[in-house]
Amino acid sequence: MRFALILGFLLASVAAAFGATHRWETDSRGVLLVIAEAPVKTHSWKNPYEGQPDAALAGEKLFRQHCAECHGDDATGLGHAANLRAPSVQNATPGELAWFLRNGNLPRGMPPWAGIPEQRRWQIITYLKTLGRPTH
Amino acid sequence: MIARPPLHPARADRPLRARALVAFLGAVLLAVGFAPLARAQETPYFVAYSHHLEEPGNLEIETYSIYGTQQGHGDFIAPWMELEYGVTAWWTTEFYIDSQATFGDSTVFTGTRWENRFRPLMHEHWINPVLYVEFENTTDADKTLKEVVGFDDQLDAAEPNSVANQSHTHEIETKLILSSDYKGWNFSENFISEKNLGHEPWEFGYALGISRPLRLAATPRPCNFCRENFILGAEAYGGLGTTDLLALSGTSHYVAPIAAWQMPSGVTLSVSPGFGLTDVSHRFLLRWGMSYEIGGFGRKLRSLF
């Protein structure tokens, strides 16, 4: 029992140390570095659902199921989660977002979403890209 | 100023620890009540594990059961409960409570287990490893069959509960989980080693899983019965002997198709009939269960204190 407590304490300390830094550095385009570190080849990836209203609706549904608990219903971010309407996310290419969604950022608490099919990840990106448009 | 009425004598005498426990449980219920529901991306396996961990801060409450046919004794149903929590994006911890009821015998609590899974690599790869460590504090009456290792024999479960439940075992179980996602399919391979902390050899086993949603893209509107909510798959698992004798002869092996229904409400229902492949395997197993994902549980709980 004592061993389990010590082990649990050590693991919690490591987890806290990893989660302690939450600064949001950006590159020259103003894109979050954690997204901009995607390989260059991702810049040419095309969203197969780009501009499709049904895909954006499906993406919104998926966003509410998987993402809203951290990023908020309005996608402006809760706690340490990023504001997905901000230029630091919206200026990223669809390919960079697809790479980031698949890989996540484990030290900062963003889980990888490789477990949901690629088609659904593109649908989420289709929805995310609608959030950057000006509203009238 | 309004005078506060004196506490009821019975309430005043209630030990502080009990009141603290009631307050904590109340806070948990509040957190559950106000927490948003979420849908995990976990695969539907009962025995095999994929590399997908619980999302950080989410709590998944799971209850499962297994029915098994038994030679030489009554058939059994072994229910267990799991509380799975995403501590970080790379660490998931899980607590189990096991029990079983044997027809013509009795119903017994058979122990607890504490499991941890870690992702050592920060990005997705073709094959993604996860390290698994579990401490088991169970009795020989445990029939949940969460893993099959060594020379596990179905006759091991034929002992009367009154005898088997007297024998306590403390075991460490480790797994190397390898898992890949490709075009909507998940392929998982687990290599299991288990050590009774008494003087017994390491036992080895394996579990394999494959699964895929019936539809890859999501439909625009919420729906309960659309194909995207259903996942089909199969798993195979069995023993591989011990450090004294690494062999397939005399080991148990099973194959089991799986179906899961992930509802938009955050509830997932799963069922899996399993079939024994060797003479020492249980001839038939049926697993079923329900899980309920509570999103942002950790954040909500912290905000209450």
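These notebook entries record what I looked up in the structure.

Entry on the source. I worked from a predicted model, in which local features need pLDDT of at least 70, side-chain atom pairs count only at pLDDT 80 or more, and totals for chains, interfaces and linings use all residues. Residues are numbered from 1 along each chain as its sequence is written, and chains are lettered from A and ligands numbered from 1 in the order in which they are written.

Entry on two helices of chain A. I looked up helix α6 (residues 94-103) of chain A and helix α7 (residues 118-131) of chain A, which pack at an angle of about 125° with their axes 10 Å apart. Helices here are DSSP runs of H or I with at least four residues, and strands are runs of E with at least two, numbered from the N terminus. Axes are lines fitted to C-alpha atoms, for helices over the stretch in contact, and angles run from 0 to 180 degrees between N-to-C directions. I noted that α6(A) and α7(A) are therefore oblique to each other; angles under 35 degrees count as roughly parallel, over 145 as roughly antiparallel, 65 to 115 as roughly perpendicular and the rest as oblique.

Entry on the two chains. I found that chain B gives 32 residues to the contact and chain A gives 31 residues, where contact means C-beta atoms, placed from the backbone, within 7 Å.

Entry on chain B. I traced 12 strands that close into a barrel, from β1 in order to β12, with antiparallel pairing. Two strands pair if DSSP finds at least two bridges between them. Strands β10 (residues 253-262) and β11 (residues 267-276) of chain B run antiparallel and are joined by 6 bridges. B:Gln262 has B:Thr268 in β11(B) as its bridge partner.

Conventions. Contact = placed C-beta atoms within 7 Å.
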